[in-house]
Amino acid sequence: MHNSELFLNNLPLVVPLLLLELGLMITALVSVYRRTTLRHGNRLIWTLAIVLIQPFGAIAYFILGREVD
């Protein structure tokens, strides 16, 4: 089986996961820039973590970084 065949066979599984990950990243980034205060870091640190450490950066932000209103 070639790589392209493997990719096409797994596409129905991969696309929803990628969309979920993209949605989580966008939601976390919007939340970072709407808040006035953050715990454990600043906007730049959380932005880098969310974008570069997928999906764990966004999950860590929602657990550790958000200041509870």
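Modeller: Helices (H or I, at least four residues) and strands (E, at least two) are DSSP runs, numbered from the N terminus. By that reading, Ile 63 belongs to helix H3. This is a predicted model, in which local features need pLDDT of at least 70, side-chain atom pairs count only at pLDDT 80 or more, and totals for chains, interfaces and linings use all residues. Residues are numbered from 1 along each chain as its sequence is written, and side-chain values use heavy atoms, with hydrogens and water left out.

Colleague: Is Ile 63 buried or exposed?

Modeller: Buried means under 20% relative accessible area, exposed over 50%, and partly exposed in between (1.4 Å probe, protein chains only). Ile 63 has a relative accessible area of 58%, so it is exposed. Ile 63 and Phe 56 are the exposed residues carried by the face of H3 turned away from its buried side. The C-alpha atoms of Ile 63 and Leu 20 are separated by 18 Å, and the two residues are 43 apart along the chain.

Colleague: Which residues of H3 are buried?

Modeller: In H3, which spans residues 56-65, the buried residues are Gly 57, Ala 58, Tyr 61 and Gly 65. They cover an arc of only 100° around the axis, which puts them on the same side of H3. The arc is taken over the directions from the helix axis to the C-beta atoms.

Colleague: What covers the buried residues of H3?

Modeller: Contact means heavy atoms within 4.5 Å. The cover of the buried residues of H3 includes helix H1 (3-34) and helix H2 (43-52).

Colleague: Which residues of H2 are buried?

Modeller: Trp 46, Thr 47, Ala 49 and Ile 50 are buried in H2. Their arc around the axis is only 165°, which puts them on the same side of H2. The buried residues of H2 pack against H1 and H3. Leu 44 and Leu 52 are exposed residues on the face of H2 turned away from its buried side.

Colleague: What does Thr 47 touch?

Modeller: First its burial: Thr 47 counts as buried because its relative accessibility is 16%. If residues up to four places away in sequence are not counted, Thr 47 touches Leu 29, Val 32 and Tyr 33.

Colleague: How are two packed helices described?

Modeller: The description consists of the angle between their axes and the distance between the axes. Axes are lines fitted to C-alpha atoms, for helices over the stretch in contact, and angles run from 0 to 180 degrees between N-to-C directions. Angles under 35 degrees count as roughly parallel, over 145 as roughly antiparallel, 65 to 115 as roughly perpendicular and the rest as oblique.

Colleague: At what angle do H1 and H2 pack?

Modeller: The angle between H1 and H2 is about 180°, and their axes are 10 Å apart. H1 and H2 are therefore roughly antiparallel to each other. H1 contributes Met 25, Ala 28, Leu 29, Val 32 and Tyr 33 to the contact, and H2 contributes Arg 43, Trp 46, Thr 47, Ile 50 and Val 51. Of the residues in the contact of H1 with H2, eight are nonpolar, one is polar and one is charged. Here Ala, Val, Leu, Ile, Met, Phe, Trp, Tyr, Cys and Pro count as nonpolar, Asp, Glu, Lys and Arg as charged, and the others, Gly among them, as polar.

Colleague: And how far apart are the axes of H2 and H3?

Modeller: The axes of H2 and H3 are 7 Å apart, at an angle of about 140°. That makes H2 oblique to H3. Trp 46, Ala 49 and Ile 50 of H2 make this contact with Gly 57, Ala 58, Ala 60, Tyr 61, Leu 64 and Gly 65 of H3. The contact of H2 with H3 has seven nonpolar residues, two polar and no charged.

Colleague: Which residues of H1 meet H3?

Modeller: H1 and H3 pack at about 40° with their axes 9 Å apart, and are therefore oblique to each other. From H1, Leu 24, Thr 27, Ala 28, Ser 31 and Val 32 meet Ala 58, Ile 59, Tyr 61 and Phe 62 of H3. Seven residues of the contact of H1 with H3 are nonpolar, two are polar and none is charged. Ser 31 is buried, because its relative accessibility is 12%. Leaving aside residues up to four places away in sequence, Ser 31 touches Tyr 61, Phe 62 and Arg 66.

Colleague: Which peptide bond is cis?

Modeller: The bond from Gln 54 to Pro 55 is cis, with omega near -20°. Pro 55 is in the loop between H2 and H3.

Colleague: Where is His 40?

Modeller: His 40 lies in the loop between H1 and H2. Its phi is near 55°, a positive value in a residue other than glycine. His 40 counts as exposed, because its relative accessibility is 61%.
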